[in-house]
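Here is a friendly briefing to read alongside your protein. Take a look at the model first, and then we can walk through it together.

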Amino acid sequence: MPVRPYQPKDRDAVYDICVRTGAAGQDARGHYLSDELLADVYAGPYLALEPQLAFVLEEGGHVVGYVLGTAHTAAFVEAWRARWLPRVASRYPPLVEPARTGDERLIATLHHPEWMLAPELVPHPAHLHVDLLPQAQGAGHGRRLVETFLAAAAAAGAPSLHLGTGDTNTRALRFYERLGFQRLPVAGAEGTTFFWCPTAMGGSKFR
Ligand SMILES: CC(C)(COP(=O)(O)OP(=O)(O)OC[C@H]1O[C@@H](n2cnc3c(N)ncnc32)[C@H](O)[C@@H]1OP(=O)(O)O)[C@@H](O)C(=O)NCCC(=O)NCCS
């Protein structure tokens, strides 16, 4: 299955994969007020602002997985606030906080991208999201996608990367541990486990 750079025509497939894998790795369709909400937080900003760092996995001409992210989280947060939020804010107006429901938490995340600048995360300026449809999982493609992203982030000047995954996503936790990522304690990040790794791991010594 080839991994290739993201193209704008892949947008709907990426959005679809995002929601089909968005409940701790399981299908999240119907969980939120819109099936696009998850992707408007965790995929759309990256496709719009950092398309050169998005890659897709194809099977028989269909996109079945992706990796996306940024090499420079601080600049990305600024771009999110300046250029992404205005595009989607009318669909998801700011809510009275504190957020209580799943919808409210996602909308709060959308309106406060600065959550990505927790002091523990700042030393690792790149971050990524990787998702594969069930039929593409467990065959080494997740590793290939992550390796592709690490190499691209290194080429873009990021020495290291962080990422977060839900505490209940056991499969993803084991995957990142197997890839050699190190746990990164982040104060106040209840429900999310963070990892970091040097982007140089994207080279041939990654295995
Ligand atoms: C998590 C995910 C990205 C992993 O990708 P994948 O293609 O299934 O994983 P791979 O087949 O590339 O596995 C890579 C390595 O991790 C290991 N691994 C993967 N899942 C594992 C598990 N549950 N337990 C132990 N090891 C595991 C593999 O054995 C493999 O080891 P090897 O390369 O040394 O042989 C993929 O399953 C997925 O998209 N899941 C749904 C969405 C999701 O949860 N995304 C992550 C959100 S943070």
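Is V64 buried or exposed? V64 is buried, because 20 other C-beta atoms lie within 10 Å; a residue counts as buried with 20 or more such atoms within 10 Å of its own C-beta, as exposed with 12 or fewer, and as partly exposed in between, with C-beta atoms placed from the backbone. Please keep in mind that this is a predicted model, where local features need pLDDT of at least 70, side-chain atom pairs count only at pLDDT 80 or more, and totals for chains, interfaces and linings use all residues. Residues are numbered from 1 along each chain as its sequence is written.

**Around V64**
- V64 sits in strand 3, which covers residues 62–70.
- Leaving aside residues up to four places away in sequence, V64 touches L57, E58, E59, L132, L133, Q135 and A136; contact means C-beta atoms, placed from the backbone, within 7 Å.
- D16 is 48 residues from V64 along the chain, and their C-alpha atoms are 9.6 Å apart.

**Strand 3 and its partners**
- Strand 3 is largely enclosed by the rest of the structure, because eight of its nine residues are buried.
- Strand 2 and strand 3 pair antiparallel over five bridges, where pairing requires at least two DSSP bridges between the strands.
- In that pair, V56 stands opposite Y66 of strand 3.
- The hairpin of strand 2 and strand 3 has two residues between the strands, and G60 there takes a positive phi near 55°.
- Strand 3 also runs antiparallel to strand 4, joined by six bridges, and L68 stands opposite H129 in strand 4.

**Helix 6**
- Helix 6 (residues 141–155) has 15 residues and should span 21 Å at 1.5 Å a residue, which agrees with the 21 Å between its end C-alpha atoms; the expected span is 1.5 Å times one less than the number of residues.
- Its buried residues are G142, L145, V146, F149, L150, A152, A153 and A154.
- Those buried residues have a cover that includes strand 3, strand 5 (160–166) and helix 7 (170–178).
- G157 follows helix 6 and has a positive phi near 100°.

**The whole chain**
- The protein chain has seven helices and seven strands, defined as DSSP runs numbered from the N terminus (helices: H or I, at least four residues; strands: E, at least two).
- Their order along the sequence is β-α-α-α-β-β-α-α-β-α-β-α-β-β.
- Buried residues account for 36% of the 207 residues.
- Of the contacts between residues at least 6 apart in sequence, 71% join residues at least 24 apart.

Methods: Contact = placed C-beta atoms within 7 Å.
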